[in-house]
Amino acid sequence: SPILWWVRRDLRLSDNPALAAAVSRARPLIPVFLHDETVESLGAAPRWRLGLGVERLAKRLRQLGAGLVCRRGPARETLLELVAETGAGTVVWNRCYDPDSIARDMPLKAELARRGVAARSFGGHVVFEPWALETGAGRHYKVYTPYWKALRVLDAEPPLASPANLTAPDIWPRSEDIADWHMGAGMGRGADVVAAHVRVGEEAAADRLEQFLEERLPRYTGDRDRPDLPATSGLSENLAWGEIGPRRCWQAGMMAMDAGVAGAETFLRELAWREFAYHLMYHTPRLLTANWRTRWDAFPWNAEANAPEVLAWKQGRTGVAFVDAAMRQMHVSGTMHNRARMIAASYLTKHLLTHWRIGQAWFAQHLIDWDPASNAMGWQWTAGSGPDAAPYFRIFNPDTQLARFDPHGVYTDRWLAEGRARPTDTALSYYRAIPRRWNLSPGDPPPQPVIGLSAGRARALAAYETVRV
Ligand code: FAD
């Protein structure tokens, strides 16, 4: 009987534990993608980007004489239907660790078993599964530095090779056409603009890693905070959808470290932040929805997502150059530099006293590398409500940060148009990406500051008194 490989956030053939296990059984393989409830719940940009990744994987599978069966519907019913239709005796998948996926997968696994179908899941979305590490006291980690110290000495599984060939079934089940799902519908006209910035698929991801190792890694430690330079890997887009396995990145980092390449350890530390986010989300899923530190429930957040100053932030029109450039980078490219994410998030939660969940949700709509764990951790870290968070009273000054990390104004020139005699093409492309109803144009006067930086800072510190212990 055939084996179903349920494709989720693992759009790759190499280093894919579920696929490798299926192939080792030498049975006909049916790769399946379900447009299920978790896909329905994605924000506009991640859903669009996922669609591009799925199309690319389907193409790759076709080139190998296989295919990808696409069906839309609730995961449970749709998968059970496919099992019945194909007579599959085994279903394999790679684990996701967010609470919604766990709530979907666990009962389904039990139900498949009841029906005599072997359901096997594998760990491929992280280097070390969330339960692989515990503190001396047998608990999970809440602080990054001890977590990193424990993680760095663990032996990671080496990445797995791509299967040499795939055995097709005699009869392929019916498949829906991904194009009919209109996964980019929520993007509006932004899709055309962002499309110029994406790098889709397993091959693109492998090239990206290669290029990063050769050209950027040696200077990564010093330059990774510079949004004006092409200094980081850009791999989050591919890691988010599993177009590259994290173990492949980890191994590359380890090998570079052994070879004495400067920057390698810093790169590993960053990958470990991703691991840490998954560790935290798995052990405390409320990371996604509630203040991790409950005393923050008393903080006087503004929770009005449509307040005028929040709209200014969303548009990239706060009058603070670093924040505005950051938000526009996200509209145009679907990503944002890490330093810029920290500044934009800090400004929203501190200077504008706005609840981090509003920012988290906006990012979840606009990031093509949206990741439930890293996004939630990033927001709670910045807001001060998270585990191992930045102390609230340490409030980034976006202007000082800009002078330090964009010393020649390259980043702001790249993204801001108003008031400039000859705006750059990238800055102008923002106007083609945003909703028409915002009615903005490059000829508008530069935005006026929503709040003075020192007044905002003083207000934030006063509000902080309510939760200070
Ligand atoms: P590189 O510098 O090349 O780093 C390599 C890899 O390490 C990244 O691809 C990523 O997987 C991981 N990494 C690096 N920094 C972090 C970090 N701070 N936290 C977790 N993992 C990290 N990252 C996402 O992938 N998806 C998100 O939705 C997301 N939302 C964020 C929201 C906020 C408010 C903040 C402050 C950070 C967020 N991050 C998120 C983390 C980080 O900004 C991105 O991972 C990084 O900018 C990706 O660029 P890169 O691939 O070039 O990174």
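Residues are numbered from 1 along each chain as its sequence is written, and side-chain values use heavy atoms, with hydrogens and water left out. Since the model is a prediction, local features need pLDDT of at least 70 and side-chain atom pairs count only at pLDDT 80 or more, while totals for chains, interfaces and linings use all residues.

The protein chain splits into domain 1 (1–124), domain 2 (126–156 + 200–283) and domain 3 (294–464), with bounds taken from an automatic or database domain assignment. Between domain 1 and domain 3, the C-alpha centres are 36 Å apart. Their contact (heavy atoms within 4.5 Å) draws nine residues from domain 1 and eight residues from domain 3.

Now to the ligand. Domain 2 and domain 3 both give residues to the shell around the ligand, so it sits between them. There are 27 residues around the ligand, and Tyr 220, Thr 232, Ser 233, Gly 234 and Asn 338 come nearest; a residue is near if one of its heavy atoms lies within 4 Å of the molecule. By class, the shell holds 14 nonpolar, eight polar and five charged residues. Here Ala, Val, Leu, Ile, Met, Phe, Trp, Tyr, Cys and Pro count as nonpolar, Asp, Glu, Lys and Arg as charged, and the others, Gly among them, as polar. At least two shell residues come from each of α10 (236–240), α12 (264–283), α15 (338–351) and α17 (372–383); helices are DSSP runs (H or I, at least four residues), numbered from the N terminus.

Oxygen atoms of the ligand pair up with polar side-chain atoms of Thr 232 at 2.6 Å and of Asn 338 at 2.7 Å. On its own the ligand has 820 Å² of accessible area (Shrake-Rupley method, 1.4 Å probe), and the protein covers 94% of that.

Elsewhere, helix α13 (residues 308–315) and helix α14 (residues 321–333) cross at roughly 60°, their axes coming within 7 Å. Axes are lines fitted to C-alpha atoms over the stretch in contact, and angles run from 0 to 180 degrees between N-to-C directions. Trp 313, Lys 314 and Gln 315 of α13 meet Val 323, Met 327, Arg 328 and His 331 of α14.

Conventions: A polar contact is a pair of N or O atoms within 3.5 Å; within protein, one must be able to donate a hydrogen and the other to accept it, and residues adjacent in sequence count only if both atoms are side-chain atoms.
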